[in-house]
Amino acid sequence: MKIYKNFEDYFSDFETEIVEKLEQIRTEIKNKIPKVEECIKYAMPTFTFKNKNLIHFAVYKNHIGIYPGSEAIVVFEKELENYKTSKGAIQIPLSSELPLELINKIANYRKSKILQSTKPLQISGSI
């Protein structure tokens, strides 16, 4: 398996039309969630928020895989009914338009879950 250093390194393996789709995903998430960080995890582009995985994505022969985790797949089940999904993955055919609004909603959902899990503990009472 090839080791990628960053998004550009990953994107360089693909044709222009595919890179354009990857850049659309990248731009959508970065514009809507400004404090995300880019990295490569599991050999795929990954956005993290507060040092936690927000969403991964990767290119395959016939689709782009979006990996927001299993809970997001359940929460957005109705909106994802036109896409093949599995426990934690969404397959968007390369031949179709990217559902950028839906990807944004899913990324924002993941952000809210990360914020909920990283809230500082509230200590009540006096010492």
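How many bridges join strand 5 to strand 6? The views below, taken from a predicted model, begin with that pair.

**View 1. Strand 5 and strand 6 as a hairpin.** Strand 5, which covers residues 84-85, runs antiparallel to strand 6 and is joined to it by two bridges. Four residues lie between these two strands in the hairpin, and Lys 84 is found opposite Gln 91 of strand 6.

**View 2. The two faces of strand 6.** Within strand 6, made up of residues 90-93, Ile 90 and Ile 92 belong to the covered face, whereas Gln 91 and Pro 93 belong to the uncovered one. Strand 6 also pairs with strand 4, residues 63-67, in the antiparallel sense and over four bridges; in this pairing His 63 stands opposite Pro 93, a residue of the uncovered face.

**View 3. Strand 3 and strand 4 as a hairpin.** These antiparallel strands are joined by four bridges, with Val 59 placed opposite Ile 64 of strand 4, and three residues separate the two strands in the hairpin. Strand 3, which spans residues 52-59, is mostly covered, in that six of its eight residues are buried.

**View 4. Strand 2 and strand 3 as a hairpin.** Strand 2, residues 44-49, pairs with strand 3 over four bridges in the antiparallel sense, and Phe 49 stands opposite Lys 52 of strand 3. Two residues lie between the strands of this hairpin, in which Lys 50 adopts a positive phi near 55°.

Notes
Residues are numbered from 1 along each chain as its sequence is written. This is a predicted model: local features need pLDDT of at least 70, side-chain atom pairs count only at pLDDT 80 or more; totals for chains, interfaces and linings use all residues. Side-chain values use heavy atoms; hydrogens and water are left out. Buried means under 20% relative accessible area, exposed over 50%, partly exposed in between (1.4 Å probe, protein chains only). Two strands pair if DSSP finds at least two bridges between them.
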